[in-house]
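My plan was to look at how the chains meet and to jot down what turned up.

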Amino acid sequence: MSEYNFAYLDEQTKRMIRRAILKGLAIPGYQVPFASREMPMPYGWGTGGVQVSAAILTPEDTFKVIDQGADDTTNAVSIRTFFERTAGVETTTATSDASVIQTRHRIPEKPLTEDQILVYQVPIPEPLRFLEPRESETRKMHSLEEYGLMHVKLYEDIARHGHIATSYGYPVKVEGRYVMDPSPIPKFDNPKLGDMPAIQLFGAGREQRIYALPPYTKVVSLDFEDHPFEASKADQVCGLCGASDSYLDEVIIDDAGGRLFCCSDTDYCTGRRALGHKGPAFPGSEAAA
Amino acid sequence: MTPLLSVQGITKHYGAHIGCADVAFDLYPGEVMGIVGESGSGKSTLLNCLAGHLAPDAGQVVFDTRADGPKDTVTMSEPERRMLGRTDWAFVHQHARDGLRMGVSAGGNVGERLMAVGDRHYGDIRGKATDWLERVEIDAGRVDDRPTTFSGGMQQRLQIARNLVTGPRLVFMDEPTGGLDVSVQARLLDLLRGLVRDMGLSAIIVTHDLAVVRLLADRLLVMKSGRVVEAGLTDQVLDDPQHAYSQLLVSSVLQV
Amino acid sequence: MIELKDVSKTFTLHNQGSAVIEVINDVSFNVAPGECVALTGASGAGKSTLMRMIYGNYLTQSGSIIIGDLDIVRAKPREVLALRRDVLGYVSQFLRVVPRVPTLDVVADPLRALGVAPDEAQERAKFLLAQLNIPQRLWSLSPTTFSGGEQQRVNIARGFAHAYPAMLLDEPTASLDATNREVVLSLIEDAKERGAAIIGIFHDEAARARVCDREIDVSAFTPSFDTLEQSKVPAI
């Protein structure tokens, strides 16, 4: 602990990142450039999220990390350990106990509160990137609100698949102004982005961008009049806890191709099972998945 | 009658070199104007200054906008000019791949301008895109194919459909038939002529092909070293050129 | 209807030692509605040049050429275009069309330019093509592959599609057989009857005698007509 500054980054860097965060909060959905630092982990492992977390953590915070909803995967465990060692903060896996939650690709099932901050890890912050490779041009498109191209992407989806097949990283419009990439969360989570009591911060380390949604921001998923947005998920219940309202992962469980659908949010699932809920995967339940 | 486009004193320097100097003309609704001259004569520079792709050093490009009447597009705000660029103006590039999104289906390419001006009904957008593919003689069955699978002539026709779908009033064309073989050129010229007439389009066509301007253009500007050396009716300039350079240009064409 | 006053023209050949060649010097004449005037003179006398000046195809250096109420010498390009669309027709010796366009559309084209509905324009085109004995099976083909005589008749059909108040005819009966020659002459007579002012070049003396009211010898106004046609800047 003594060999690191609190939360690894030096104070000047944290100030710089906080300024970027404040600017992001002031202009919801706008991508603020920041001087991303080298972190002791590879790009793609959440360096953007880690820098944002490092800049906002205080010694009194309780920190939670989830990776695709889970608290116990490599990425989540190593980032949690990183801040235990460099910041000495309390950590938890319980969503309601955490004051700062760093996430990769999910929003917790349990509604967040005004006392919490959700930090997203973002691989590619620019929603227009796949169709317009020039950064100079995409910036201009954002500044002039030229977002027709975003719909071209959705058009292509329908033309090819008959419906909007984009199932994660589904683009949204923030407060009627900026089109934003919500990071690769499933579109099931998109409705939770809007009107959320918690602060949402997005950090892209390699791309050196930070953006933000202040509490209770209006967030609308883009769509067509005749192909409206739908927050979809697997048409199953959780095999472990029986929840029908949570986003499910599909897990192959044996060599015969047996499958199990279970909550991707491990804390949510554990909590429900502790309360005695049981899913169809357990012997004694009626329909096995 | 108000000119659709009134150009005055357009000048563009590249350092000490003159791109184009002191160009002026009026273009009226429904007129097609050709700009000819050899490579490096400044015709593309002029076209890019007119279309707002290059900022001229001096001069005015006054366009008769639908909402506010004549307005100088050089001093207009960038959002306003870009809005013109995807509504009332169209730009057909010499190389179709400069004007198309090669990774997007034909339908998406045509639909982009519609979506850019706020169309949000997939069925309508697709319907209009298909209709336009047919108007430029591309089989409607290819609506979901990418332009990479199209021939050069088809790509050029797709580019035209993509540009005309929003019903522009002024089309800028930079060597629209360049790089196409002769039979494909003829088909494209025929198509352009029909569209210009049926939609009442005005157009400015830059080319070095005098046969193209004879067929498409009502009027002609002949440029040399960045300056307009002769202007007039197309057939008059071609059949009775007055300036030494125009005479040379006209007499240099190989007879078939 | 057509009024030429003190009209002169020179060609300056900048790329051939800036040679200045005087072609037409000081022509003045009028053509009234319903009148047909023939331009005569030996080959190379400047008949076609004068006709092209009247059409605005060649620039006129001095004088005035007033058609209807427009002075074509001083008119703006778009005024000339409007005049050609509505008032002044021209049947040249050569057919010049966009390749690939069907004959029917070529003939209907001047009417379409005037805003006539496609069906009506096509009806008129069919009528003229039939009258000029162009076989119906050719109508959907481009005239670029037709024989010289057929092309000439397509050109005439196109020229007579719209009832222009003023018309210029450059050798309309050349290379036509007796039947078609007769059709063309009656088309000219009809045009005169409805009040068109016509200027024509006819090598066919009998035709000239039949439709023309007056003759104007152009060689009277051409100072050095012997070498003109050869030295003229070639048209494309």
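Entry 1, inside chain A. I began with two helices and saw that Lys14(A), Ile17(A), Arg18(A) and Ile21(A) in α1(A) meet Gln51(A), Val52(A), Ala54(A), Ala55(A) and Ile56(A) in α2(A). For me, contact means heavy atoms within 4.5 Å; helices (H or I, at least four residues) and strands (E, at least two) are DSSP runs, numbered from the N terminus. I sorted the residues of this contact into six nonpolar, one polar and two charged. My classes take Ala, Val, Leu, Ile, Met, Phe, Trp, Tyr, Cys and Pro as nonpolar, Asp, Glu, Lys and Arg as charged, and the others, Gly among them, as polar.

Ground rules, before I go on. This is a predicted model, where local features need pLDDT of at least 70 and side-chain atom pairs count only at pLDDT 80 or more, while totals for chains, interfaces and linings use all residues. Residues are numbered from 1 along each chain as written, chains are lettered from A and ligands numbered from 1 in the order written, and side-chain values use heavy atoms, leaving out hydrogens and water.

Entry 2, which chains touch. Of the two pairs of chains that touch, I found the most contacts between chains B and C. Chains A and C do not touch, and their nearest C-alpha atoms are 34 Å apart.

I noted 30 residues from chain C and 31 residues from chain B in the contact. The buried area (accessible area, 1.4 Å probe, that two parts lose on being put together, summed over both) is about 2700 Å² between chain C and chain B, with 54% from carbon and sulfur atoms. I looked up salt bridges (a side-chain nitrogen of Lys or Arg within 4 Å of a carboxyl oxygen of Asp or Glu) and found six across this interface. One of them joins Asp109(C) to Arg193(B), with the closest N and O atoms 3.5 Å apart. On the side of chain C that touches chain B, β1 (2-13), α2 (77-86) and α3 (103-113) of chain C each supply at least two residues.

The area buried between chain B and chain A is about 1900 Å², of which carbon and sulfur atoms give 56%. In chain B, Arg82(B), Arg120(B) and Tyr122(B) lose the most area to chain A, together 38% of what that side buries. I counted five salt bridges between chain B and chain A. Glu132(A) and Arg101(B) meet in a salt bridge at 3.4 Å, N to O.
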